[in-house]
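Please open the structure in your viewer and keep the selection tool at hand.

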Amino acid sequence: MSFTFDLKEHAEQVEEFREFVRSKKDIKGPLMPVLQHAQDEFGYLPKEIITTISKILDIPLSEIYGVITFYAQFSLIPKGKYDIQVCEGTACYVKGAQRVSEKLQEILKIPAGSTTEDQKFSITPCRCVGLCALAPVIVINGDVYGKVAVNELESIVSKYN
């Protein structure tokens, strides 16, 4: 699935972002704060924004993509209105996180790490959320569901429809 970022629709926001990037050009190590700002500003890192960063900071695209793909905080696709984080920490994994993830993928008809075409839901695998006693855990926009059973998932997801 491909998501398109409309530069014309976001023209003012993009110009403000360009000014931000220009203001960071001469500081040491500008890439991380610029990427974090872009992620916060746009909700993900559209290729048009990554190209803008590359040109202004004079950093090769390959280096930027290396940083983006290394850090889990960055996303190359927009998140859905409801981001379903599936904890894949050790306790959750042992207690069935893989089955939970597979069932969510079946319900939403998308692979993990993707967003539905209507941009309503995302499935985001994540590291430990620190609620090991409640394993397996999913978090939907801050709502925590612990000791999740596969047969409960359709009911949980339907709350957000």
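Begin by selecting Ser114, which is buried because its relative accessible area of 18% falls under the 20% cut-off; keep in mind throughout that this is a predicted model. Ser114 sits in the loop between helix H6 (97-108) and strand S2, and, leaving aside residues up to four places away in sequence, it touches Ile77, Phe121, Ser122 and Ile123.

Next, turn to the largest pocket, which holds about 370 Å³ of space. Colouring the lining by class will show six nonpolar, six polar and four charged residues.

Now select Phe17, Leu35, Ile49, Ile53 and Ile64, which touch the most other members of the largest nonpolar core, a group of 20 residues. At least two residues of this core come from each of helix H1 (11-24), helix H2 (31-42), helix H3 (47-57) and helix H4 (61-70). If you centre the view on Leu35, you will find that it touches Leu45, Ile53, Ile64, Val67, Ile68 and Phe74, again not counting residues up to four places away in sequence.

Finally, select Ile84, Val86, Phe121 and Leu153, which are among the 17 residues of a second, separate core.

Conventions: Residues are numbered from 1 along each chain as its sequence is written. This is a predicted model: local features need pLDDT of at least 70, side-chain atom pairs count only at pLDDT 80 or more; totals for chains, interfaces and linings use all residues. Side-chain values use heavy atoms; hydrogens and water are left out. On a 1 Å grid over the protein atoms alone, a cavity is a set of points where a 1.4 Å probe fits but cannot get out, and a pocket is an open set with protein on both sides within 12 Å along at least five of seven lines; lining residues have an atom within 4 Å of a point. Grid points are joined across faces, edges and corners, and a volume is the space filled by probe spheres set on the points. Ala, Val, Leu, Ile, Met, Phe, Trp, Tyr, Cys and Pro count as nonpolar, Asp, Glu, Lys and Arg as charged, and the others, Gly among them, as polar. A nonpolar core is a set of buried Ala, Val, Leu, Ile, Met, Phe, Trp, Tyr and Cys residues joined through side-chain atoms within 4.5 Å. Buried means under 20% relative accessible area, exposed over 50%, partly exposed in between (1.4 Å probe, protein chains only). Helices (H or I, at least four residues) and strands (E, at least two) are DSSP runs, numbered from the N terminus. Contact means heavy atoms within 4.5 Å.
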